[in-house]
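Let's take a walk through a protein model together.

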Amino acid sequence: GSIYFIPEDKENVYVLETLAKIMDELNEKYSKSVFDTEIIAMPVITTEPNKKMIIRKFEQYVTDTISTTLSEISSILKDPNKTIPPSKYAEYIKKYQELTSIKQEYARLIEQEIKVAETEYEVLIQQLNELQDRVSGR
């Protein structure tokens, strides 16, 4: 199972309600043994245990994502002759920007600064700077 934290706004509520209806229809059409998925939307009450849980899940996600990205970048940087196309470099930059955006959104949701995975962020920035020299056509 998975848990996703989605900010409450009209568009997100509409999308979640629509997805929940689709899941209900699929569950009715197919037997539960073949297709058993459900969407449950509930408010997250801002308590210290809930904030800590959100931070833990966020840290796990960021650490896993950065680790995978760093592994890819490291394999490129190990070969001094290897270059990457600008589009691949743009993907890595976009991933970093998305992580930063998610971090800011989570911090807003729990109303406190999130200081997790700071070292991983710094290493990713360093690796992205090194990788910039390997972009073909520069």
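What follows is a tour of a few side chains and the contacts between them.

A word on the ground rules: this is a predicted model, where local features need pLDDT of at least 70, side-chain atom pairs count only at pLDDT 80 or more, and totals for chains, interfaces and linings use all residues. Residues are numbered from 1 along each chain as its sequence is written, and side-chain values use heavy atoms, with hydrogens and water left out.

Let's begin with helix α1, which covers residues 10-29 and holds Tyr14. Helices here are DSSP runs (H or I) of at least four residues, numbered from the N terminus. Tyr14 is exposed because its relative accessible area is 56%; the cut-offs are under 20% for buried, over 50% for exposed and in between for partly exposed, with a 1.4 Å probe and protein chains only. Together with Val15, Leu19 and Ile22, Tyr14 makes a nonpolar surface patch of about 350 Å². Such a patch joins nonpolar side chains (Val, Leu, Ile, Met, Phe, Trp, Tyr) within 5 Å, using residues with over 30% relative accessible area and no salt bridge. The areas come from the Shrake-Rupley method with a 1.4 Å probe.

Next, find helix α3, residues 86-110, where Lys88 lies. How many salt bridges does the structure hold? There are 2, a salt bridge being a side-chain nitrogen of Lys or Arg within 4 Å of a carboxyl oxygen of Asp or Glu. One joins Lys88 and Glu91 at 3.5 Å, N to O. These two residues both lie in helix α3, 3 residues apart, or about one turn of the helix. Lys88 is partly exposed at 27%, and Glu91 is partly exposed at 46%.

Lys103 and Glu118 also meet in a salt bridge, at 2.4 Å from N to O. Lys103 lies in helix α3 and Glu118 in helix α4, so the pair ties together parts that are 15 residues apart in sequence. Lys103 counts as buried because its relative accessibility is 15%, while Glu118 is partly exposed at 33%.

Finally, look for aromatic rings: the whole structure has 1 aromatic pair. Tyr96 and Tyr121 have ring centres 6.2 Å apart and planes at 75°, so the pair is edge-to-face. Rings of Phe, Tyr and Trp (its six-membered ring) pair if their centres lie within 6.5 Å, with planes under 30 degrees apart called stacked, over 60 edge-to-face and the rest tilted. Tyr121 is buried at 6%. The charged end of Lys103 sits over the Tyr121 ring, 4.7 Å from its centre; this requires NZ of Lys or CZ of Arg within 6 Å of the ring centre and within 35 degrees of the ring normal.

Methods. Patches are made of residues with over 30% relative accessible area and no salt bridge: like charges are joined within 9 Å, nonpolar side chains (Val, Leu, Ile, Met, Phe, Trp, Tyr) within 5 Å.
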